[in-house]
Amino acid sequence: MSDERWRECAKSREALLRMTVSDRDVRVLRPRRAAPADAVRQTRAEVNLAALRANLRMLRRYTEGAAVWAVLKADGYGHGAPAVARTLERAGVNGFCVALFEEGVELRDAGIRAPILVMGGYYGGVHREMALRGMVPVVYDLAQVSQFARLVRSGVIDGPVRVHLKVDTGMARLGVTMTDLPQIVTAIEQCKEVHVEGLMSHFASADLVDCTDTERQLAVFEEARLLLKRGGIDPALCHVANSAGVLRRMGNMDAVRPGIALFGVSPFSPAREGVPGPEFQQAIRVRTEVIAVREVCAGERVGYGGSYTTNRPSRIATVAMGYADGLPRLLSNRGDMLVRGHRAPIVGAVSMDMTMLDVTAISGVAVRDEVVVLGGQDGDLGHDFISAAEIAAHAGTIAYEVLTSISRRVPRFYREP
Ligand SMILES: Cc1ncc(COP(=O)(O)O)c(C=O)c1O
């Protein structure tokens, strides 16, 4: 890279990290992820933007007219939040939900104009910046409400501040409990500085076959809604449904908050039949390449700790993806990757930057051959597909973790379609 190009990059990075908000500077430090422009390595994630749009259209068939607020926390479930948000905003999504203020800033910096709900509940000292950037906070205790009210009264922020009130309907994670709700309703009723635009909760078990807990949560939510109504508070937006709720048509209210289904990945464990069906398209594909191939005798040990021993003369291919790229180390000696459209088993321990495959059964594998870690591959030997759920099952985790673990050193490339 030329000196001049280095200076340009440094300047734009500095500009990104330093956001001027009115007369005060807020610094948000963000880890920088490898960007396609810098990419030298052959390991990359490809995100199909057309698949995102198709998944949104498909979800709308289930939402019964509810507004769709796409959940793009954790960098859009690992797909790259800015590009995903731009695509979904153009496709008519009604709003976005993030966990952190910083994630909201990233979307605003990317030019996103749709409403952004910040669900994490921690606003440090950035209440004013939240308001200026048009981000809507979720609140769930009196202290949060009083702090916003105080800032309005002292003229730091303009009021009334729009908030979404979160109630805990049975997950015991975040949200005002039904016991504390009457007190917070009374306080809000008397507080003209805060406007409850939304009432929300979150399902704990909508992905389970048994709906009993979800039905119970919906009943508690209804109680909460009535309690607010009796207190003179009538939020315009009630929302509880995540992807599983939407797909089961449970909790479709004024708005819904799907995340994983937008990326074409099922919120359900494989045990549950049906939805989302083949009509949803996994938007991400992670590919790498073979960087070495060696012939190994029977009885030789492969990789760290020699955890795999060949039981026949074997051909072992080394591929350029390891646990530092987000491939779970728990895939050591478990699971497959695709080469030439055919499955090749992972052998030996997954190491930081590399993984070994047994390609004995696939003739002609050579250095620079494409290897698909996640997603589909059409090769001269056929077509196959590795889903996030398959990797999750091998690693004893869930597809959400597989997606959000793809690390920042794997550059994301976007394609249409
Ligand atoms: C509060 C909240 N709403 C909605 C979602 C979206 O869930 P899903 O990705 O299962 O659709 C999440 C994700 O965990 C969440 O925490």
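Tutor: A residue counts as buried when its relative accessible area is under 20%, as exposed when it is over 50%, and as partly exposed in between. The model here is predicted. Asp-353 has a relative accessible area of 32%, so it is partly exposed.

Student: How do I read a helix that has a buried side, and which residues of H9 are buried?

Tutor: Start with the general idea. An α-helix has 3.6 residues a turn, so residues three or four places apart point the same way. Now the case. H9 runs over residues 212-230, which makes 19 residues. From its first C-alpha to its last it reaches 27 Å, close to the 27 Å expected at 1.5 Å a residue. The buried residues of H9 are Thr-214, Gln-217, Val-220, Phe-221, Ala-224, Leu-227 and Leu-228. They are on the same side of H9 because they cover an arc of only 130 degrees around the axis.

Student: What does the buried side of H9 pack against, and which exposed residues are on the face turned away from it?

Tutor: The packing partners are strand S8 (161-166), helix H8 (181-189), strand S9 (194-200) and strand S10 (237-239). The face turned away carries Arg-216, Lys-229 and Arg-230, which are exposed. After H9 comes Gly-232, with a positive phi near 80 degrees.

Student: How do I read a salt bridge, and how many does the structure hold?

Tutor: Side chains of opposite charge can pair when their charged atoms come close. This structure holds 21 salt bridges. In one of them, Arg-368 and Glu-289 meet at 2.8 Å, N to O. The pair links distant parts of the chain, 79 residues apart: Arg-368 is in the loop between strand S18 (355-358) and strand S19 (370-379), and Glu-289 is in strand S12.

Student: Are the two partners, Arg-368 and Glu-289, buried or exposed?

Tutor: Arg-368 is exposed because its relative accessible area is 58%. Glu-289 has 6%, so it is buried.

Student: Which residues are linked with Arg-368 and Glu-289 in a network of salt bridges?

Tutor: The network also includes Glu-46, Arg-285, Arg-287 and Glu-370. Take Arg-285, which has its place in strand S12 (residues 284-296). Its relative accessibility is 16%, so Arg-285 counts as buried. The side chain of Arg-285 reaches the backbone oxygen of Gly-376 at 2.8 Å. Leaving aside residues up to four places away in sequence, Arg-285 touches several residues, among them Arg-44, Glu-46, Glu-370 and Gln-377.

Student: With which residue does Arg-409 form a salt bridge at 2.7 Å, and with which at 2.8 Å?

Tutor: The 2.7 Å distance, between the closest N and O atoms, belongs to the salt bridge with Asp-325. Arg-409 lies in the loop between helix H12 (399-405) and strand S21 (412-415), and Asp-325 in the loop between strand S15 (314-319) and strand S16 (336-339), so the pair ties together parts 84 residues apart in sequence. The salt bridge with Asp-353 has its closest N and O atoms 2.8 Å apart. Asp-353 lies in the loop between strand S17 (342-347) and S18, so its pair with Arg-409 ties together parts 56 residues apart in sequence.

Student: Why does Asp-325 count as buried, and Arg-409 as partly exposed?

Tutor: Asp-325 counts as buried because its relative accessibility is 0%. Arg-409 is at 32%, so it counts as partly exposed.

Note on methods: Residues numbered from 1 in each chain as written. Predicted model: local features only at pLDDT ≥ 70, side-chain atom pairs only at ≥ 80, totals over all residues. Heavy atoms only, no water. Helix = DSSP H or I, 4+ residues; strand = E, 2+ residues; numbered from the N terminus. Expected span 1.5 Å × (residues − 1). Buried < 20%, exposed > 50% of the residue type's maximum accessible area, 1.4 Å probe, protein only. Arc of directions from axis to C-beta. Contact = heavy atoms within 4.5 Å. Polar contact = N/O pair within 3.5 Å; in protein donor to acceptor, adjacent residues only side chain to side chain. Salt bridge = Lys/Arg side-chain N within 4 Å of Asp/Glu carboxyl O.
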